[in-house]
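I opened these notes to record what I looked up, in the order in which I looked it up.

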Amino acid sequence: MSAITELRTQTGDQISVPEQWLNLAAQIPWAFPLPHNAEGDTETRESLGRIYSEECARIEMLEGEYRTEPFISVPTDVLDEYAKYRPSRFQRARGFEKHLDYTGQIYFKREDGNPTGSHKPNTAIAQAFYARAQGLTGLVTDTGAGQWGAALAWACHTQGLECSVFMTRNSFNSKPYRRYLMQMSGARVFASPSEITSQGRALLKEDQNHRGSLGIGMGEAMEYMRTQSGTRLALGCMSYYAAMHQTIIGQELVAQLEMAEVVPDILIGCVGGGTNFIGFVAPFASDNALPASLRGSKRPRLVAVESANIPVLTKGVYEYEFADAFGLTTQVKMYTLGRNFLPDEIHAGGLRYHGKSPILSLLVHEGRIEAAAIDQNEAFLAGKIFFESEGILAAPESSHAIAYVIKEIDREKREGTAATIVFCLSGTGYLDLQSYSSFFGMR
Ligand SMILES: *Cc1c(COP(=O)(O)O)cnc(C)c1O
């Protein structure tokens with residue numbers, strides 16, 4: 001590759017933002033299992049429409065074009081917001097290659113340079129747009145470390161909607177920076193458990209300093225949403241709609257790979273709920289979405305990297321389970337450790353879910369996607385190496401993917417091969433310096 005081509009690839013400016021999302025459910029040979037209600041019957045658009053916006057309910061139920069169309073047009077208003085930070089960069093990790101003494105090539109797709117520093121605005125913007133188009137006045141959600149809350153708050157602001165966020169009390173107090181981001185976007189942020197719901201009040205009565213959890217936050221968000229007319233719930237990770245919106249990443253990636261004349265052998269990404277990963281690999285996971293130049297003799301390996309502390313794909317079971325810890329939302333078919341599974345307090349908060357998104361789960365179950373687990377220590381060490389060699393501080397979540405890249409490279413070297421590896425940098429670590437500092441014991 002010439003220096004010029006490489007430069008162009010690095011800026012990402014030479015490609016345009018894709019105007020369609022890739023609808024994987026309509027592109028794969030397996031039937032995508034629809035959500036069930038508490039009684040185990042298939043949900044309806046009406047029942048889901050009482051929880052989510054109407055359009056999100058339609059997507060989740062694969063209604064109309066979502067059942068048949070391989071691609072879905074991105075609304076113009078959403079494209080206008082994407083244009084503020086997309087296309088995102090795709091670049092080669094030369095410093096990292098050199099540090100690892102690797103003769104193959106490593107590339108990465110960057111989702112760290114956007115309004116709130118992770119891939120989550122890609123779906124938050126679309127969700128806020130649907131809500132406004134429907135005439136809703138606001139969205140309600142829960143957040144742990146705050147990436148999702150910050151993205152939704154910013155997106156709601158762009159659409160003139162109110163945003164209410166129940167933030168795990170522990171993070172509300174100990175990780176204030178993303179809370180400030182939410183508040184800068186005009187969101188109301190409640191430490192959960194809070195005084196404004198009956199569930200929250202009951203928990204606070206037992207323990208004034210209750211630390212909260214994602215499940216409790218979700219329960220409070222549901223209760224509050226039901227008391228506020230014109231509002232619905234917005235979810236970042238566990239839904240099909242969020243995964244579909246993230247396919248903007250993979251479609252840009254395909255254009256950038258073509259332009260740089262790079263054919264990947266392995267694609268790697270971290271998984272919490274699974275949305276950034278699915279979005280990143282979607283064109284490679286589908287049957288016919290790839291341009292001819294990338295349709296090699298064999299498919300690249302697609303590796304979903306989870307936290308070894310929450311081994312959903314590597315140790316869970318594939319069955320219907322509630323998406324939230326209280327059994328309040330809806331049941332989806334997924335790999336799960338059970339909704340009562342209590343994950344350790346790991347630093348990569350975005351990876352702490354008891355299940356994985358249904359579309360990711362299906363593709364793992366059918367063998368199209370591989371799963372691997374990385375422990376937190378490996379992730380932080382990899383994050384430090386990447387920072388030292390590339391000058392980019394990755395989110396602790398993304399560092400799980402980087403750690404797995406290092407493992408693959410060790411294997412490549414042992415086997416005397418040099419595969420071309422591409423990974424997804426799902427977010428920035430600059431708001432997670434506290435986690436890095438406590439892991440490395442800095443004072
Ligand atoms: C939320 C988050 C994740 C995990 O969510 P997915 O749905 O698996 O994409 C990963 N990385 C970052 C930076 C996040 O904020």
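Entry 1. How far is the sulfur of Cys-56 from the closest cysteine sulfur? I found the closest one in Cys-156, 12 Å away, which is too far for a bond.

Entry 2. I noted the basis of the work: this is a predicted model, in which local features need pLDDT of at least 70, side-chain atom pairs count only at pLDDT 80 or more, and totals for chains, interfaces and linings use all residues. Residues are numbered from 1 along each chain as its sequence is written, and side-chain values use heavy atoms, with hydrogens and water left out.

Entry 3. I counted disulfides, taken as pairs of cysteine sulfur atoms within 2.5 Å, and the count came to zero. Cys-270 is in no disulfide, and the nearest cysteine sulfur, that of Cys-424, is 7.1 Å away.

Entry 4. I then looked up burial, where buried means under 20% relative accessible area (1.4 Å probe, protein chains only). Cys-56 is buried, at 2%, and Cys-270 is buried with a relative accessible area of 2%.

Entry 5. I looked up distances from ligand oxygen atoms. One oxygen atom is 2.6 Å from an N or O atom in the side chain of Lys-120. An oxygen atom is also 2.6 Å from a polar backbone atom of Gly-272. For the side chain of Asn-276, the distance from a ligand oxygen atom to an N or O atom is 2.7 Å.

Conventions. Polar contact = N/O pair within 3.5 Å; in protein donor to acceptor, adjacent residues only side chain to side chain. Buried < 20%, exposed > 50% of the residue type's maximum accessible area, 1.4 Å probe, protein only.
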